[in-house]
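Colleague: Before I use any of these labels, I would like to hear what stands behind them. Please take me through the terms one by one.

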Amino acid sequence: MWVFVDYDPAGLLIAAGLPRLAGIIAAEPARLVRDLAHALPERYQDQFPKTTAALDASGNEQVRALRTLSAAMYGL
């Protein structure tokens, strides 16, 4: 299954929990960086500690890559 979720930790956690995840529909990294610059950092920073362990343990490389990219944007 392909999904389109928010790139915040909660959205990535939803994707990571899908048993038949084939991929995440996402823009190229440069576009994601531009979009994340206009996101809500408070929401991201609130979700980050609650989801870090699960996202780090995800078997999906794309989930981990998007989590790393978005975390770097916020210095986490």
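Colleague: Why is L18 called partly exposed?

Modeller: The relative accessible area of L18 is 25%. Buried means under 20%, exposed means over 50%, and partly exposed is what lies in between, with a 1.4 Å probe and protein chains only. L18 therefore counts as partly exposed. Note that this is a predicted model, in which local features need pLDDT of at least 70 and side-chain atom pairs count only at pLDDT 80 or more, while totals for chains, interfaces and linings use all residues. Residues are numbered from 1 along each chain as its sequence is written, and side-chain values use heavy atoms, with hydrogens and water left out.

Colleague: Where does L18 lie, and what is L18 in contact with?

Modeller: L18 is in the loop between α1 (9–16) and β2 (23–24). Helices here are DSSP runs of H or I with at least four residues, strands are runs of E with at least two, and both are numbered from the N terminus. Contact means heavy atoms within 4.5 Å. Neighbours within four places in sequence aside, L18 is in contact with M1 and V3. R31 is 13 residues from L18 along the chain, and their C-alpha atoms are separated by 25 Å.

Colleague: What makes Q47 buried?

Modeller: Q47 has a relative accessible area of 15%, so it is called buried. Q47 sits in helix α3 (residues 41–56). Beyond its neighbours within four places in sequence, Q47 is in contact with D8, P9 and A10.

Colleague: Which backbone atom lies 3.0 Å from a polar atom of the side chain of Q47?

Modeller: That is the backbone nitrogen of A10. A polar contact is a pair of N or O atoms within 3.5 Å; within protein, one must be able to donate a hydrogen and the other to accept it, and residues adjacent in sequence count only if both atoms are side-chain atoms.

Colleague: How do you know that the protein chain agrees with a compact globule?

Modeller: The radius of gyration is taken over C-alpha atoms, and the globule rule is 2.2 Å times the number of residues to the power 0.38. For 76 residues the rule gives a value near 11 Å, and the protein chain has 11 Å, so the two agree. The C-alpha trace spans about 30 × 25 × 15 Å along its principal axes. Of the 76 residues, 36% are buried.

Colleague: How many helices and strands are there, and in which order do the elements run?

Modeller: There are four helices and two strands, running β-α-β-α-α-α from the N terminus.
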